Amino acid sequence: MANGDVGVSVCVLVGVVLLCEASRRLLKKSALFAETALEVYAVEFVSTLQLCCCTHELKLLAEVGRVEPRLSLTLTYLACVVHGLTFGGALGNACGALERACSKRIAGRCALQRVACQFAAACVARAVVPQVWGLGLSDLHLRHKLLGFRCISQIRATLPHTAAVEFAGAFCVQTVISRTQAVEEKYRVHLIAVVVTTLVYAGGSVSGAVFNPSLAFSTQFPCSGNSFLEYSLVYWAGPLLGMLTSLLVFGPVVPMLWPTSDPTHYRPLETKKGN
């Protein structure tokens, strides 16, 4: 694969991040959104859109561009770090939103609205990214356009095996996120990025290593090779069960099942510090 194709894809990634970051800043300064509930959902939408668009481009490089695995993993790691530093409080993952609802860190209605924003962004990314590829900015984009933007299912094993990989990945990611709350953010994003990159290396050849229902809806569900039900089992049920298992093992869903007498116990770390 030509270095020029990689360079164009990196420019696309940078452009997406810069555009989304500018949008987040405008939203936070807007009189309509600033310091209101709408700001939270708008930032969730923009950040998930950033995640999905960047992942589409990275997926294209890996599957169609056939870049060497080391470069692909390096770009995955860097993308994870950038997302972690720029999301501005957004979750970008339905598992994260539902985990916060289960532990009563946010209201259930808020979690469902965040999930709705994530899936809306996933749909927008599915529609917008092919338009960018259609501009033919690189030979890779042109080749993909000639193929009709076709993608093949990443499910390369039996459904139980693939779902187990997504389950394990979501379990590990959720556990690391929940158990590193006390780590300073500038170090924590690198730790999470290392874990995600390692999981992509370990499970990418089996399921694509997504661990995120909304992201999978954008990048995996449009691909040929499996039915909607099969994709749902692997990319929705697997990660959600992984997240719930992490909660049960490392942070029991006590507030959901048996209300605690200490209302601050399950609040985010920064809230406790303020009390």
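In this tour, a residue is buried when its relative accessible area is under 20%, exposed when it is over 50%, and partly exposed in between, with a 1.4 Å probe and protein chains only. The model is a predicted one, in which local features need pLDDT of at least 70 and side-chain atom pairs count only at pLDDT 80 or more, while totals for chains, interfaces and linings use all residues. Residues are numbered from 1 along each chain as its sequence is written, and side-chain values use heavy atoms, with hydrogens and water left out.

**The whole chain**

Begin with the whole chain in cartoon view. The chain has twelve helices and zero strands; helices (H or I, at least four residues) and strands (E, at least two) are DSSP runs, numbered from the N terminus. Of the 275 residues, 46% count as buried.

**The nonpolar core**

Next, select V16, C53, F221, Y231 and Y235. Of the 41 residues in the largest nonpolar core, these touch the most other members. Such a core is a set of buried Ala, Val, Leu, Ile, Met, Phe, Trp, Tyr and Cys residues joined through side-chain atoms within 4.5 Å. The elements that give two or more residues to this core are α1 (3–29), α2 (37–63), α3 (69–86), α5 (108–133), α9 and α10. The largest share, eleven residues, comes from α2.

**The cysteines**

Now display the cysteine side chains. How many disulfides does the count come to? The count comes to one, a disulfide being a pair of cysteine sulfur atoms within 2.5 Å. C151 and C223 form this disulfide, with their sulfur atoms 2.0 Å apart. The torsion about their S-S bond is about -110°, so the disulfide is left-handed. C151 lies in the loop between α6 (139–146) and α7, and C223 in the loop between α9 (213–219) and α10, so the pair ties together parts that are 72 residues apart in sequence. Both C151 and C223 are buried.

C20, by contrast, is in no disulfide; the nearest cysteine sulfur, that of C53, is 6.4 Å away. C20 counts as buried, at 6% relative accessibility. Move on to C54, whose sulfur is 6.9 Å from the closest cysteine sulfur, in C53, too far for a bond. C54 is also buried, with a relative accessible area of 3%.

**Helices α7 and α10**

Select residues 159–179 (α7) and 228–250 (α10). The axes of these helices come within 7 Å and cross at roughly 40°; axes are lines fitted to C-alpha atoms, for helices over the stretch in contact, and angles run from 0 to 180 degrees between N-to-C directions. That angle makes α7 oblique to α10, since angles under 35 degrees count as roughly parallel, over 145 as roughly antiparallel, 65 to 115 as roughly perpendicular and the rest as oblique. By class, the contact of α7 with α10 has 13 nonpolar, seven polar and three charged residues. Here Ala, Val, Leu, Ile, Met, Phe, Trp, Tyr, Cys and Pro count as nonpolar, Asp, Glu, Lys and Arg as charged, and the others, Gly among them, as polar.

Finally, select K104 and A209. Most residues other than glycine have a negative phi. Phi of K104, however, is near 60°, and phi of A209 is near 55°. K104 sits in the loop between α4 (94–102) and α5, and A209 in the loop between α8 (185–207) and α9. Are these residues buried or exposed? K104 counts as exposed, at 56% relative accessibility, whereas A209 is buried, with a relative accessible area of 9%.
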